[in-house]
Amino acid sequence: MMRTRDLRSLFPLLILLTLGGMGPAAARDAGDLRFPERPALADYLAWADAHSPRLAGQAARAESMRAQAERAGALPGLKLAWGEMIVPVETRVGPQQRVFSLSQSLPWFGTLGARRASVAAEAAAADENVRETRWQVAHDIRRAWYELAWLDEQAAIVARDLDLSRQTEVVARTRYEAGEGPYAQVLEAQMEIGRLEARLAGLRDRRTPVGARLNAAAGLAPGAPVPVAADLPRDLATAPLPGRADLDEALRLGNPTLASLRNLQESRRAGVDAADRKAWPELTVGVDYIMTGEAAMPGVADSGKDPVIARLGVNIPLWGGQAGAEKKASAGQLRAVSAGLSDTRLRLAADLENTLYAWREAGRDLELYGTTLLPRSAQNLAVTAAAYESGQIGFTRLLDARQAHLGLELSLLRARYDRVLAVNDLGALLGVTPEDLVAGRLPGAAVPAAEREGS
């Protein structure tokens, strides 16, 4: 047996080792981006990646889950107990004064690994939720940006037609004052000017709420200026998409919702394994150290020796109801997640089909307006204007031709806008940018031929 003076100095150290915590975490420098005065789409995407509250919330949840994963595989904490003898127990070798106990619980073999695997898979699912949120934020930013570009191009078309109507009103007034035309033509021109001015004002006013939606999606403060967006990207509107097999494979591999649910399914499987091990015993090993004073009678052998006792305990789960209920709960959670994964696969397949239909429909409108109707309308407008100037037709026919041509121009622009929105929706669905989508850079897809030739 070790003597009191040998072990007493060790117990403060044991207490420090048992109760000692981690030092303060080092603060991370979060460099602040400076937002440019004339931002581009890439500036909004970069700003949102660093400042979006929605993204920051998901990232914090994922970080919390990763911390829980680190903790799940650790052994339970050491238990240190201290007992003071209120009335010291006299023994042959001296009075027993106090008891120190140190014990460690040991779950059944494999239990900690199953718990660690369960929480680690759940943390991986949380990371996929972060990726999903990042794509959603980028999708919302792109949609608002494209809408601003669409509004500005509409405004440019309407403003040009407004200028033509004002010129026509001047011509009609001049003819009326010269006695060569009725005053009704002046009134019709002024009515058309009023309609176009109201439409132009509405388009310009609509930029404010769309800009607010853009700034909110990016995490900018309310009241931030509304940017001037570039024109709608024509390459996104006209480029073909990859084949259907590549799109289906990209949906399976790249969609973050599916990836999150697959990780969650693995977490529940490991949870079932951990619940199965709850029915097995749990061991506890420990040591007791009893401080003993010097014997009252001198010359006693082993006087003042401190006993050290080794302990082994077994927690036997005699009542199987708790373990059985935990098994049922874990199995039910696994079935629920598996059913949710199957349902999400079906729903996303339907979303893919609907998005592809919107893309094809917008493509048909692009072909109809851009190739067939608008060129013929331009020819009709030129012929009608010439006929009006020569006096062969009335002013109403000219206004009708202009209104029809304006409607077709705006319809063509709407078709291009719908096509870009469909590509944006499809990219968010597959977990790729619209640019990568039209370039064929998809999860699981073959490397595009252009890239193979350039490599």
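Visitor: Where is E409 found?

Guide: E409 is found in helix α11, where helices are DSSP runs of H or I with at least four residues, strands are runs of E with at least two, and both are numbered from the N terminus. This is a predicted model, in which local features need pLDDT of at least 70 and side-chain atom pairs count only at pLDDT 80 or more, while totals for chains, interfaces and linings use all residues. Residues are numbered from 1 along each chain as its sequence is written, and side-chain values use heavy atoms, with hydrogens and water left out.

Visitor: Is E409 buried or exposed?

Guide: E409 is buried, with a relative accessible area of 14%; buried means under 20%, exposed means over 50%, and partly exposed lies in between, using a 1.4 Å probe and protein chains only.

Visitor: And which residues is E409 in contact with?

Guide: If its neighbours within four places in sequence are left aside, E409 is in contact with I157, R160 and L374, contact meaning heavy atoms within 4.5 Å. The side chains of E409 and R160 are also joined by a polar contact of 2.4 Å, that is, a pair of N or O atoms within 3.5 Å, of which, within protein, one must be able to donate a hydrogen and the other to accept it, and residues adjacent in sequence count only if both atoms are side-chain atoms.

Visitor: New topic: at what angle do α6 and α11 pack?

Guide: Helix α6 (residues 183–218) and helix α11 (residues 395–430) pack at an angle of about 15°, with their axes 10 Å apart. Axes are lines fitted to C-alpha atoms, for helices over the stretch in contact, and angles run from 0 to 180 degrees between N-to-C directions. That makes α6 roughly parallel to α11, since angles under 35 degrees count as roughly parallel, over 145 as roughly antiparallel, 65 to 115 as roughly perpendicular and the rest as oblique.

Visitor: Which residues in α6 meet α11?

Guide: Q185, E188, A189, E192, R195, L196 and R199 in α6 meet residues in α11 that include F395, L399 and L406.

Visitor: What about α3 and α6, how do they pack?

Guide: Helix α3 (residues 41–51) and α6 pack at about 45°, with axes 8 Å apart, and they are therefore oblique to each other. Here Y44, W47, A48 and H51 in α3 meet L214, N215, A217 and A218 in α6.

Visitor: Last one: how many helices and strands are in the protein chain?

Guide: The protein chain has 13 helices and 4 strands, and 38% of its 455 residues count as buried.
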